[in-house]
Amino acid sequence: MLAVLLLLIAGALTARLIVGRYQHEPVGLANAVSDATCISCHQSKASFQQTAHHLSLRLPAPGTMLGDFGSGSNVLRTSNPQLHYRMDSTATGFYQIAVQGRAPDTTVRSERVAYVAGSRKGQSYLYWRGDSLYQLPVSYWSDLGWANSPAYPDGRANFDRQIPPRCLECHATWFESVPDSHVVNRYRASGAILGISCETCHGGGRAHARRARSVLRAVLPTAIVNPVRLPRERQVDGCALCHGGTEPLRTPPFSHVPGQPVEKQFRLAAAPDTDRVDVHGNQVSLLRRSQCFRQSHMTCATCHDVHREQRDVTELSGRCLSCHTVQNCGLFPQYGQALVGRCVDCHMPVVPSVAIVANEAKGQFHVKVRTHWIKVYPELRTLSGNPQATSDQPNHPKNGQRQ
């Protein structure tokens, strides 16, 4: 019996020496499993499947489309009287149709929606032309309805905006590019892993799943990245991959390895000296500029639980009170406990985007996003009419003071 035990121990040690420390690689078809596989063991994280990250790119279906495709609600007029768009839903799929000219002499261009990007504030739509991926000219915004896609000119049908890999990196886990020296938007549709998956942040899970089911799992490396165990900068880098700006890639697309510096992929530029921030802007740089960040050990995960949907500003404001106290606010003598739950709206206000703009016949529509530069904004009031802090309040935690 003792001999058998010794053989098992020797075998386990040998296996560990052979396997050694697991070398993490970029996620791809060769090392990926699926979110369902991850959740089969980590059932407490199942709510991740309802988050905006997970739903950032998906196939079109009645339950995924925000826009109304019904007659009377499916037409977008433009400033050009000879151009309008119609959004149709048929048994074969969802379509965007550009109708040009005056009846009965009209020409029609119809393209089938291949992917839906976005899940809450708005959606844009992609279509295939051969093996090349393009954005469709009409998007849908929850606060507006059907509108020209961001930065598209009003009154001119444009079906030619290419989708480069850098866009897909932030909406998908994996796409295989087709090398082409002339264009950047050729891909193999088969095998694409849509949306941000568990493996985007944790690494390919195939080896991890295999080892977790092995009788030697107690001695084998886990072969997975746990961001909580990474240094602070590497934790933030995981978010900076998509929230760190739109600088050109230095490496092939989809080559980021969780836990490695994102600077290997692209240069993290400093944020411009402005209060405004965009979803496609450098939110991480604005956060790093904040004194709350600089004078603490906070990371993005201090406030954000990526495994569940978070839309309750009152709950998020409660994270501020883990370092600050409401009594320290300079407005406390005037408003007292009414300030509780309003930290985020005062110090991370929602502002109009300067990049995500829809050009309409009636003017421009600016999508509103929340800045991640945490500070006092004396020139703004929150949309709900909450009291707004002013910069001349010496006891307000505007200087990043921890209480």
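Helices (H or I, at least four residues) and strands (E, at least two) are DSSP runs, numbered from the N terminus. Keep in mind that this is a predicted model, where local features need pLDDT of at least 70, side-chain atom pairs count only at pLDDT 80 or more, and totals for chains, interfaces and linings use all residues. Residues are numbered from 1 along each chain as its sequence is written, and side-chain values use heavy atoms, with hydrogens and water left out.

Let's begin with helix α6. Its 12 residues, 232-243, reach 16 Å from the first C-alpha to the last, close to the 16 Å expected at 1.5 Å a residue (the expected span is 1.5 Å times one less than the number of residues). Just after α6, G245 takes a positive phi of about 110°.

Which residues of α6 are buried? They are V236, D237, A240 and L241, where buried means under 20% relative accessible area with a 1.4 Å probe, protein chains only. Seen down the axis of α6, these buried residues fall within an arc of 160°, so they line one face of the helix; the arc is that of the directions from the helix axis to the C-beta atoms. The elements below are among those covering them, with contact meaning heavy atoms within 4.5 Å.

| Covering helix | Residues |
|---|---|
| α3 | residues 165-169 |
| α7 | residues 283-289 |
| α8 | residues 291-294 |

Now for the strands. Four of them form an open sheet in the order β2-β3-β4-β5, with antiparallel pairing; two strands pair if DSSP finds at least two bridges between them. At the edges are β2 (75-77) and β5 (105-112), each pairing on one side only. Strand β4 (residues 93-102) pairs with β5 over eight bridges, and R102 stands opposite D105 in β5.

Key:
Buried < 20%, exposed > 50% of the residue type's maximum accessible area, 1.4 Å probe, protein only.
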